[in-house]
Amino acid sequence: MTAVSIKREEPGLGTIESFPIATDEPLLHGLLREIFADHWQEIVFGTHVLGSVFEICAPNAPTRISLHDGYLTVDFGRWHFHVCIGDHRGKGAPVPPTPEVNLHRRTGRAEFYRMLNRDGAAYSWGLRLYNGGGEQQITVFFPNPFATPDNTRARQPDWSRLAMWDDFRRRYLGLEPEDCDRAARKPK
């Protein structure tokens, strides 16, 4: 298995190289469970859309990660979030979803991605999920060599912070590390 990448210009973001992955519920459930259970201290997550970026750091390990009626729930105790990654039948809902609504709300596109500067060197890495309507559900920002673990700007790049990116690319995409991931000298 070797993944194919897609490079495209995204308004306001520049060049994005994405690596599509399957959107089936078991794969996404396992991937998100691993990210939030095993890497909660390393990641930042939220939404990343034009005009708004939510960069959330988990306050603690999740107290519960569950899957019910197509929705993954990651619960941190005082707060939680839901992402529809599977078939939602609306069990107990006053108005069950139509097939069209169900297709719209569940993940329709999932991808590992990296943002590239003008020289083709990467400066940001992560995972993005989009619903069937093409709207962003969640972005998980992977550890960044240009940031410290407490999310401040690093004086020098710490390339060891690409370990999660390298591991996930190897296991989920069949890809080995690439020079462009360690070529940038500063974030942009």
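Predicted model: local features only at pLDDT ≥ 70, side-chain atom pairs only at ≥ 80, totals over all residues.
Q: With which strand does S10 pair over nine bridges, and in what sense?
A: That partner is strand S9 (residues 107-116), and the sense is antiparallel.

Q: How many residues lie between the strands of the S9 and S10 hairpin, and which glycine in the turn has a positive phi?
A: Five residues separate S9 from S10, and glycine 120 in the turn has a positive phi of about 85°. The hairpin of S10 and S11 has four residues between its strands, and glycine 134 takes a positive phi near 80° there.

Q: How do side chains point along a strand?
A: In a regular strand they alternate between the two faces of the sheet.

Q: Is S10 mostly covered or mostly open?
A: The cut-off for buried is under 20% relative accessible area. In S10, 10 of its 10 residues are buried, so the strand is mostly covered.

Q: What is the volume of the largest pocket, and which residues are closest to its centre?
A: Its volume is about 800 Å³. The lining holds 34 residues, and Glu55, Ser124, Asn144, Ala147 and Asn151 are the closest to the centre. Strand S10 (122-131) and helix H3 (163-173) each supply at least two residues of this lining. The largest share, three residues, comes from S10. By class, the lining divides into 19 nonpolar, nine polar and six charged residues.

Q: What does the second largest pocket look like in the same terms?
A: It contains about 230 Å³ of space. Of its 13 lining residues, Glu10, Leu13, His48, Val49 and Leu50 are the closest to the centre. Strand S4 (48-49) and S10 are the elements that give two or more residues to this lining. The classes are six nonpolar, four polar and three charged.

Q: Is histidine 39 buried or exposed?
A: Histidine 39 is buried, because its relative accessibility is 13% and the cut-off is under 20%. Its place is the loop between helix H1 (25-38) and strand S3 (44-46). The histidine 39 side chain makes a polar contact of 2.7 Å with the side chain of glutamate 42. Not counting residues up to four places away in sequence, histidine 39 touches Glu34, Met164 and Phe168.

Q: Is arginine 169 buried or exposed?
A: Arginine 169 counts as buried, because its relative accessibility is 0%. This residue is found in helix H3. Apart from neighbours within four places in sequence, arginine 169 is in contact with Phe19, Arg114, Gly174, Leu175, Glu176, Glu178 and Asp181.

Q: Is aspartate 179 buried or exposed?
A: Exposed requires over 50% relative accessible area. Aspartate 179 has 71%, so the residue is exposed. Aspartate 179 lies in the segment after H3.

Q: What separates the C-alpha atoms of aspartate 179 and alanine 122?
A: The two C-alpha atoms are 9.3 Å apart, while the residues are 57 residues apart along the chain.

Methods: Residues numbered from 1 in each chain as written. Heavy atoms only, no water. 1 Å grid on protein atoms, 1.4 Å probe; cavity = no way out; pocket = protein on both sides within 12 Å on 5 of 7 lines; lining within 4 Å. Points joined across faces, edges and corners; volume = space filled by probe spheres on them. Nonpolar A, V, L, I, M, F, W, Y, C, P; charged D, E, K, R; others polar. Buried < 20%, exposed > 50% of the residue type's maximum accessible area, 1.4 Å probe, protein only. Polar contact = N/O pair within 3.5 Å; in protein donor to acceptor, adjacent residues only side chain to side chain. Contact = heavy atoms within 4.5 Å. Pairing = 2+ DSSP bridges.
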